[in-house]
Amino acid sequence: LLYADPNATHAVWVSTFKTAWTCLSRVEQRHLTEFMVSLLVKDYHLRSVDRRPNVVQTLLQSASACTPQLVLPPHVIRYHARTFNAWYTGIELLQETLTDPRESDSVRETAMDALAELYAELSEDDLLYGLWRRRAAYNETNAALSWEQIGQWGQAQVLHESAQITARSGVMPFTESELALWEDHWIITAQKLQQWDVLSDMAKNEGNKELLLECA
């Protein structure tokens with residue numbers, strides 16, 4: 001049956017892995033985590049990228065089922081969630097990373113960046129806004145996202161511009177992630193407001209061919 005039914009194989013593997021994980025010592029769990037990361041980054045997984053379920057989906061689901069959770073690097077989770085259609089499992093793993101008291105602040109920041117990217121790619125705007133409301137350092141960020149949620153793109157654009165000006169003046173510290181949010185969402189608001197001439201000029205100056213194509 002396991003050879004004939006991939007879904008049965010997936011379910012048995014996840015259940016077996018979860019049970020085996022609880023039998024390991026902390027040291028053995030750490031060693032297995034290192035092996036899992038090494039296994040996940042192998043190129044040969046791309047051969048099964050179109051299969052459902054595929055190997056990476058099964059491995060990530062196994063990691064998610066473990067208690068305590070098998071902690072994987074956020075950038076590895078983000079790449080595999082996107083590439084192997086493991087969106088839900090990847091998001092679940094990243095959310096668990098944010099609440100794990102063992103993780104450092106730098107790992108949590110990386111996990112939030114990865115989570116924000118997955119939310120954005122899935123167009124889960126409300127989840128993205130909620131994530132940024134918990135981590136934004138600037139009041140302008142929260143206000144701009146609130147305006148975006150109700151479709152007030154002009155007000156949101158003004159606040160994204162204001163935040164960038166304040167940050168570049170050195171008045172308040174900022175993170176690269178928040179700066180990238182302002183820049184990306186300024187472009188989104190300009191698109192919503194049909195400011196194609198402005199976007200076209202910006203795309204030419206920055207050599208952004210993808211944006212220039214959208215403006216054509």
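The legends below describe an overview and several close-up views of a predicted model. Residues are numbered from 1 along each chain as its sequence is written, and side-chain values use heavy atoms, with hydrogens and water left out. Because the model is predicted, local features need pLDDT of at least 70 and side-chain atom pairs count only at pLDDT 80 or more, whereas totals for chains, interfaces and linings use all residues.

**Figure 1. Overview of the helical protein.** The secondary structure comes to 12 helices and 0 strands, where helices (H or I, at least four residues) and strands (E, at least two) are DSSP runs numbered from the N terminus. Along the principal axes, the C-alpha atoms fill a box of roughly 60 × 40 × 30 Å. Of the 216 residues, 40% are buried, with buried meaning under 20% relative accessible area, exposed over 50% and partly exposed in between (1.4 Å probe, protein chains only). Among contacts (heavy atoms within 4.5 Å) with a separation of 6 or more, 52% are accounted for by residues 24 or more positions apart.

**Figure 2. The largest nonpolar core.** A nonpolar core is a set of buried Ala, Val, Leu, Ile, Met, Phe, Trp, Tyr and Cys residues joined through side-chain atoms within 4.5 Å, and the largest one here has 36 residues, with Leu 40, Leu 70 and Leu 72 making the most contacts inside it. Two or more residues are given to this core by each of helix 1 (6-22), helix 2 (26-40), helix 3 (55-65), helix 4 (74-83), helix 5 (87-99), helix 6 (105-121) and helix 7 (125-135). The largest share, 7 residues, comes from helix 6. A second, separate core of 8 residues includes Trp 186, Met 202, Ala 203 and Cys 215. In soluble globular proteins, nonpolar side chains tend to be buried together.

**Figure 3. Surroundings of Leu 40 and His 45.** Not counting residues up to four places away in sequence, Leu 40 touches His 45, Val 56, Leu 59, Leu 60, Leu 72, Val 76 and His 80. His 45 lies in the loop between helix 2 and helix 3 and is buried, with a relative accessible area of 4%. With the residues up to four places away again left out, His 45 touches Leu 39, Leu 40, Val 55, Val 56, Leu 59 and Phe 84.

**Figure 4. Helix 10 and the helices packed against it.** Helix 10 (residues 176-192) has 17 residues and reaches 24 Å from its first C-alpha to its last, close to the expected 24 Å, a span defined as 1.5 Å times one less than the number of residues. Its buried residues, including Leu 179, Trp 182, His 185 and Trp 186, pack against helix 6, helix 7, helix 8 (139-149), helix 9 (153-168), helix 11 (196-206) and helix 12. Just after helix 10, Gln 194 takes a positive phi of about 60°.

**Figure 5. Helix 9 against helix 10.** The axes of these two helices come within 9 Å and cross at roughly 150°, the axes being lines fitted to C-alpha atoms over the stretch in contact and the angles running from 0 to 180 degrees between N-to-C directions. Helix 9 and helix 10 are therefore roughly antiparallel, since angles over 145 degrees count as roughly antiparallel, under 35 as roughly parallel, 65 to 115 as roughly perpendicular and the rest as oblique. The residues that make the contact include Trp 153, Ala 156 and His 160 of helix 9 and Trp 182, His 185 and Thr 189 of helix 10.

Figure 6. The contact is made by Thr 141, Leu 145 and Glu 148 of helix 8 and by Glu 178, Leu 181, Trp 182, His 185 and Thr 189 of helix 10. Thr 189 counts as buried at 0% relative accessibility; leaving aside neighbours within four places in sequence, Thr 189 is in contact with Glu 148, Trp 153, Ala 156, Gln 157 and His 160.

Figure 7. Leu 213, in helix 12 (residues 209-215), counts as exposed at 66% relative accessibility. Its C-alpha is 9.1 Å from that of Ala 203, which is 10 residues apart from Leu 213 in sequence. Thr 16, in helix 1, is partly exposed, with a relative accessible area of 48%. The C-alpha atoms of Thr 16 and Ser 62 are separated by 8.8 Å, although the two residues are 46 residues apart along the chain.
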